[in-house]
Amino acid sequence: MNTPAFSVCVYCGSRSGTLPAYTEVARQVGTWIGQHNGQLVYGGGNNGLMGMVAQATADAGGRVVGIIPQALQTTENTRTACTELHVVNTMHERKHMMAERADVFLALPGGIGTFEELFEVWTWRQLGYHDKPIGLLNTAGYYDGLLSFTQSSVQAGFLNDWQMDLIRSGTEPTTLLRELVQAAGFAPESKLNRI
Ligand code: AMP
């Protein structure tokens, strides 16, 4: 396996959600990462969209870095087949390592764990702790409510437009992934082009 060209940290549900569109987008994201010689950095579980994105990345020949807290190994069903698996002591350690290993961040549909992770890297970015691009995949309008809420926060004077601009949202996974990876300074080249 080649040295990966870039790393995408994916935050997404430990459940699959009710629409087939959610699992489909997880599959598309993992496939794109693998096909472009990328590396997935994620929470290390087999459940839900997390497991799907990891499996799709591996199936497409990409590296999978899983980072899971010791205490969550059973509930989150550790993916022992990760190319690199890190079992860490705390959730803070996990999130810190995921952020360190990422070139870009991408949130897919998910629950409060996903929200927390997205908001954490968003707040870290506004404080200048990192300058990595952040994407939000608004599959089937899943994040419409969040986007309109944050827009109303701008109107209410608690958020500025420049803070909103720190997140790039989109509905088309491959377009959004390409934009994020390019914004981070990488030129994603399909492995298929080299055959
Ligand atoms: P969820 O979106 O709730 O299905 O969770 C997705 C992932 O986020 C899981 O791997 C959780 O362990 C993780 N996660 C990260 N931070 C938190 C947190 N503060 N509370 C709950 N889950 C979290």
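In this predicted model, Gln163 lies in helix H6, which spans residues 161-164. Gln163 is buried, because its relative accessible area of 11% falls under 20%. The side chain of Gln163 makes a polar contact with the backbone: the nitrogen of Asn160 is reached at 2.6 Å. Beyond the neighbours within four places in sequence, Gln163 is in contact with Trp122, Gln126 and Phe158.

Ser152 is placed in helix H5, residues 144-155. With a relative accessibility of 34%, Ser152 is partly exposed, since this value lies between the 20% limit for buried and the 50% limit for exposed. A polar atom of the Ser152 side chain lies 2.6 Å from the backbone oxygen of Phe149.

Helix packing was examined for H3 and H4. Two packed helices are described by the angle between their axes and the distance between the axes. Helix H3 covers residues 91-101, and helix H4 covers residues 112-126. Their axes come within 12 Å and cross at roughly 60 degrees. H3 and H4 are therefore oblique to each other. The crossing of the two helices is right-handed. On the H3 side, the contact is made by Arg94, Lys95 and Ala99. On the H4 side, Glu116, Glu117, Glu120 and Trp124 take part. By class, the contact of H3 with H4 comprises five charged and two nonpolar residues, with no polar residues.

How values were computed:
Residues numbered from 1 in each chain as written. Predicted model: local features only at pLDDT ≥ 70, side-chain atom pairs only at ≥ 80, totals over all residues. Heavy atoms only, no water. Helix = DSSP H or I, 4+ residues; strand = E, 2+ residues; numbered from the N terminus. Buried < 20%, exposed > 50% of the residue type's maximum accessible area, 1.4 Å probe, protein only. Polar contact = N/O pair within 3.5 Å; in protein donor to acceptor, adjacent residues only side chain to side chain. Contact = heavy atoms within 4.5 Å. Axes fitted to C-alpha atoms, helices over the stretch in contact; angles between N-to-C directions. Parallel < 35°, antiparallel > 145°, perpendicular 65-115°, else oblique. Left-handed = near helix turned anticlockwise from the far one by under 90°. Nonpolar A, V, L, I, M, F, W, Y, C, P; charged D, E, K, R; others polar.
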